[in-house]
Amino acid sequence: MGFAVPPAPQVVVPVVDGGAGFPVRRVYCVGQNYALHVAEMGGDGREPPFFFSKPADALVPGGGDVAYPPRTANLQHEVELVVALAKGGSDIPAEKALNHVFGYAVGIDLTRRDLQSQAKEKGRPWDMSKGFDQSGPLSVLVPAAASGHPSSGRIWLKVNGVTKQDGDLGQMTWNVAEIIANLSSYVSLAAGDLIFTGTPAGVSTIVRGDMLECAIDGIGKLAVRLV
Ligand code: MN
């Protein structure tokens, strides 16, 4: 049987050195996973992780030009370690979780902060503040076989050459294994899933024309221009 309308194309993230591409299934994101960013958002303490999603077709693999989104006057950047899963499951134990990882990338969780603030105030969903078109630029993936599983390493982002975020993966409240374990207690994970693991402090407002550069030691780098 054919399709009633053309099917959406499969979203694919390139892998370093021309390896076979990574076909994306779902995109999960962790909220407030670095203490200093929790503080700048007005929170405190080691709360259990919480999750939201972006549509797979909101990704911008490889970065480059990203259109400034409509319906916001306060777009902000959040540089994050992105985890790509090679296999899934439910209730994955933390001590086995890293065996499920295909590799890693550096990504930006672009956020319409004004819409997110309104949603928080009114107890409404975050979809329109987090899951808009082109809200998830990310670098090419590096397989864990090449990068290892980073538990520390500098993660930074510059806007027009000025450093805004400068943290370390070791500052994550919940590490990659704990995130996979916790998320898989809510939903079945599968090969092709990506997880944005939260951002260090220093998020700031960006405008059309801004040039964003970011990187994670040993993982990769990403450049984005807002057009
Ligand atoms: Mn984020």
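Which exposed residues does the face of α3 turned away from its buried side carry? I start my notebook with that.

**Ground rules.** I am reading a predicted model, where local features need pLDDT of at least 70, side-chain atom pairs count only at pLDDT 80 or more, and totals for chains, interfaces and linings use all residues. Residues are numbered from 1 along each chain as its sequence is written, and side-chain values use heavy atoms, with hydrogens and water left out.

**Helix α3.** I looked up α3, residues 113–122. Helices are DSSP runs (H or I, at least four residues), strands likewise (E, at least two), numbered from the N terminus. The face turned away from the buried side carries Glu121 and Lys122, both exposed. Exposed means over 50% relative accessible area, buried under 20%, and partly exposed in between (1.4 Å probe, protein chains only). The buried residues of α3 are Arg113, Gln116 and Ala119. Seen down the helix axis, they fall within an arc of 120°, so they line one face. That arc is taken from the directions from the helix axis to the C-beta atoms. An α-helix has 3.6 residues a turn, so residues three or four places apart point the same way. I then checked what this buried side packs against: α1 (35–40), β7 (75–76), β10 (111–112) and α4 (127–130). Contact means heavy atoms within 4.5 Å. Just after α3, I found Gly123 with a positive phi of about 65°.

**The metal site.** Next I looked up the manganese ion. Glu78 (OE), Glu80 (OE) and Asp109 (OD) coordinate the ion at 2.0 to 2.2 Å. Donors are N, O and S atoms within 2.8 Å of the metal (3.2 Å for Na, K and Ca); water is not among the atoms, so sites may look incomplete. I noted the spacing in sequence as E-x1-E-x28-D. Glu78 and Glu80 are both buried.

**Asp109.** Where does Asp109 sit? I found Asp109 in the loop between β9 (101–108) and β10. Asp109 counts as buried because its relative accessibility is 0%. Its side chain makes a polar contact of 2.9 Å with that of Lys130. A polar contact is a pair of N or O atoms within 3.5 Å; within protein, one must be able to donate a hydrogen and the other to accept it, and residues adjacent in sequence count only if both atoms are side-chain atoms.
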